[in-house]
Amino acid sequence: MGESFSDWAIKVEDELKLMPTTEAAEKQQWDKQSIYKVPECFTDLNKKAYKPQFVSFGPYHHMEPHLEPMEKHKHRALLHFLKRSQKPLASYVAALGGVAQSLKESYESLDPRWEADTNRFLMLMILDGCFMLEVLRSSTLEMDDYSYSDPIFSEHGKLHVVPYIRRDMMMLENQLPMLLLTTLLAVEKEEGTEQDDGKFHEIVNKLICKFCFPNPWFPYDSSIGKCLHLLDVYRSSLLMKEEDTRERTIRKIRAHAQGNLRPAM
């Protein structure tokens with residue numbers, strides 16, 4: 001049987017007394033979360049529309065059978081990243097170990113297996129984070145350390161494979177915390193993550209914008225500011241584009257009105 005009415009009432013009264021403390025703790029926890037699971041009431045309508053079909057990023061869809069083939073390419077990308085950076089893996093592990101809890105807290109409803117096994121979680125973050133950076137860079141910068149016949153990072157891969165990776169990178173359940181990407185860059189550049197943190201955000205922001213908009217109309221010299229993850233950068237860039245378009249329209253209208261008001265010569 002369930003608890004009695006009196007027991008339930010006492011429990012509610014006790015919880016009410018603790019409410020100021022629990023409210024503050026809940027708010028702090030929610031403020032840290034930025035990557036969420038899509039409610040089942042949406043996913044049940046079309047499961048493929050909300051789940052990655054080619055590659056997983058982060059813990060939510062890690063090692064799902066249809067995504068497992070991409071894991072070997074993540075490992076290859078990690079080796080290229082480390083070789084090019086000329087930094088030991090231990091340096092990245094140490095830096096990310098210092099922010100491991102913050103990375104975990106970015107995810108809503110993180111599976112207990114990731115909560116309990118920080119080493120496994122960091123391995124996932126490093127593999128997925130380096131792979132994402134390699135995809136962003138290879139699509140926007142010249143990189144000559146991959147084979148011309150590479151299935152992902154060759155010209156053929158950029159044309160026929162990367163568009164599917166881009167699609168999966170835009171999904172809410174498939175995001176990586178921006179803190180992960182900026183920390184990896186800080187170690188690569190031999191700069192502390194606490195120093196000039198905004199610089200690394202802007203580097204990643206510009207990579208993401210160029211990746212999402214390969215025919216650039218976005219003003220890359222503009223500052224987007226700190227974002228939560230790739231999808232947040234994409235959203236912010238769209239808002240900036242909309243605002244920029246509106247301002248240009250207003251300027252044209254004003255210029256046209258002023259021209260009509262000028263006295264005839």
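Mentor: Start with the largest pocket, which has a volume of about 280 Å³. A pocket is an open set of points, on a 1 Å grid over the protein atoms alone, where a 1.4 Å probe fits, with protein on both sides within 12 Å along at least five of seven lines. The volume is the space filled by probe spheres set on the points, which are joined across faces, edges and corners.

Mentor: This is a predicted model: local features need pLDDT of at least 70, side-chain atom pairs count only at pLDDT 80 or more, and totals for chains, interfaces and linings use all residues. Residues are numbered from 1 along each chain as its sequence is written, and side-chain values use heavy atoms, leaving out hydrogens and water.

Trainee: Which residues lie nearest the centre of the largest pocket?

Mentor: Lining residues have an atom within 4 Å of a point. Here there are 15, with Lys32, Ser34, Ser106, Leu179 and Leu228 nearest the centre.

Trainee: At what angle do helix 9 and helix 11 pack?

Mentor: Helices are DSSP runs (H or I, at least four residues), numbered from the N terminus. Axes are lines fitted to C-alpha atoms over the stretch in contact, and angles run from 0 to 180 degrees between N-to-C directions. Helix 9 (residues 118–140) and helix 11 (residues 162–169) pack at about 130°, with axes 12 Å apart. Contact means heavy atoms within 4.5 Å; Phe131, Met132, Val135, Leu136 and Ser139 of helix 9 meet Val162, Ile165 and Met169 of helix 11.

Trainee: How do helix 6 and helix 12 cross?

Mentor: The axes of helix 6 (residues 89–97) and helix 12 come within 10 Å and cross at roughly 135°, so helix 6 and helix 12 are also oblique to each other.

Note on methods: Helix = DSSP H or I, 4+ residues; strand = E, 2+ residues; numbered from the N terminus. Parallel < 35°, antiparallel > 145°, perpendicular 65-115°, else oblique.
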